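Q: Hi! Could you walk me through this structure? I'm still new to reading these.

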Amino acid sequence: MRTVFWDYDNHTVKMIDQRLLPFELVIAEFDDYQEVARAIREMVVRGAPAIGATAAFGLALAARQSQATDRLALLRDLETAAEALKAARPTAVNLAWAVARQLRLAASEELETAGDVREALLQAAQKIADDDVKLNRRMGYYGAELIADGDTILHHCNTGALATVDWGTALGVIFAAHEQGKKIHVLVDETRPRLQGALLTTWELQQRGIPFDLIADNAAGHFMRTGQVNIVLVGSDRTAANGDVANKVGTYKLAVVAKENGVPFYPVVPTSTIDLDLANGDLIPIEERSPDEVLRAIDRPIAPPGITARNPAFDVTPHRYVTGIVTEAGIVYPPFEKNLRAAVEKAQKET
Ligand code: MRU
């Protein structure tokens, strides 16, 4: 089952409610783009590629909701919807990328009527979703070259089928290596505060029969220093033109410790996550989420009432800690400035 999809009978957007996993598998259904924006913000759906596809379907939904009969009035309604969807989460560039792509299409002179725009937006959202699955498979194939039989892989957050439309980015590489028959073991960072590793990544690995151990985030350094990790694989929410990588908070610490211990560190990043407009990672907006996510764990307070907390959801890993970046156009090595641009151009030609 895909993480997010369009229901062609009901004309709605459906998604797995990831807040309930792994204990309940519930499909949430949306017929209002504002509710889709809220679902992104509240992390019913999460993971950069998944929220990109969700926003694309959200705009197709907004086009259906709009009462506009002429094309220009519809475009105005779409601009409003685009703002609401884009504002839902700021770091993952796939969201802004998908929204901009849909708005460009909607404004295209070739679409003559409001009906043409509605139809085109749905088809384009479906293509974004279908392409995501294809390019994840391709990244899996390239990335699996990095994994040898017997390797132990350290993984952060959730980057699997749930973080994408299907298959996954960093976890997709792990799935591909397993499919190739390599005997691998995964150390799964629990990923406080929202525990995507403990709740979601373990669930995905368990379903595929891939051996793993869940570890406290704080244990990662121990496993690397004692030679128990062969490679670190992570995803990215936005990668700047110079190869600085924004990803789930805690990634930076992993990368620094990996370098210190000679462990290769590879983000797995579809080119839709590469933001060539941003020269470096300092320019990437970092989402700050509710302190409650830090002050509570699974519905129970874990700190004295009334204290304050800070909760940046992402951090930036400077490119000097990055061994290489796996994309659907191949594995990119330094100098990232030049080679990431070439990878983006290659990927654009291929789609
Ligand atoms: O806050 P989340 O759960 O949306 O964060 C997800 C990540 O940080 C992933 O590593 C990232 O989106 C890329 S993986 C497809």
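**Around the ligand**

A: Happy to! Sorted by class, the shell around the ligand holds six nonpolar, nine polar and four charged residues. Keep in mind that this is a predicted model.

Q: Okay, and how many residues surround the ligand? Which are the closest?

A: The ligand is surrounded by 19 residues. The closest are Arg 46, Ala 48, Arg 89, Asn 247 and Lys 248.

Q: What does the side chain of Arg 89 do there?

A: An N or O atom in the side chain of Arg 89 is 2.8 Å from an oxygen atom of the ligand. For Gly 47, a polar backbone atom lies 2.9 Å from an oxygen atom of the ligand.

Q: How much of the ligand's accessible area does the protein cover?

A: On its own, the ligand has 410 Å² of accessible area, and the protein covers 100% of it.

Q: So where does the ligand sit?

A: You'll find the ligand in the largest cavity. Two elements, α2 (48-65) and β9 (245-248), each give two or more residues to the shell around the ligand.

Q: And where is that relative to the domains?

A: The ligand lies between domain 1 (4-136) and domain 2 (142-350), because both of them give residues to its shell.

Q: New topic! Which peptide bonds are cis?

A: One of them runs from Leu 21 to Pro 22, with omega near 0 degrees. Pro 22 is in the loop between β2 (12-16) and β3 (27-30). Another cis bond joins Pro 334 and Pro 335, where omega is about 0 degrees. The loop holding Pro 335 runs between β14 (330-332) and α11 (336-350).

Q: Last one: what about the phi of Cys 157?

A: Cys 157 has a positive phi of about 65 degrees, although it is not a glycine. Its place is in the loop between β4 (152-155) and α6 (170-179).

Q: Why point these out?

A: Because most residues other than glycine have a negative phi, and most peptide bonds are trans.

Technical notes. Residues are numbered from 1 along each chain as its sequence is written. This is a predicted model: local features need pLDDT of at least 70, side-chain atom pairs count only at pLDDT 80 or more; totals for chains, interfaces and linings use all residues. Side-chain values use heavy atoms; hydrogens and water are left out. A residue is near a molecule or strand if one of its heavy atoms lies within 4 Å of it. A polar contact is a pair of N or O atoms within 3.5 Å; within protein, one must be able to donate a hydrogen and the other to accept it, and residues adjacent in sequence count only if both atoms are side-chain atoms. Accessible areas come from the Shrake-Rupley method with a 1.4 Å probe; for residues, only the protein chains shown count as cover. On a 1 Å grid over the protein atoms alone, a cavity is a set of points where a 1.4 Å probe fits but cannot get out, and a pocket is an open set with protein on both sides within 12 Å along at least five of seven lines; lining residues have an atom within 4 Å of a point. A molecule sits in a cavity or pocket if more than half of its atoms lie within 2 Å of its grid points. Helices (H or I, at least four residues) and strands (E, at least two) are DSSP runs, numbered from the N terminus. Ala, Val, Leu, Ile, Met, Phe, Trp, Tyr, Cys and Pro count as nonpolar, Asp, Glu, Lys and Arg as charged, and the others, Gly among them, as polar. Domain bounds come from an automatic or database domain assignment.
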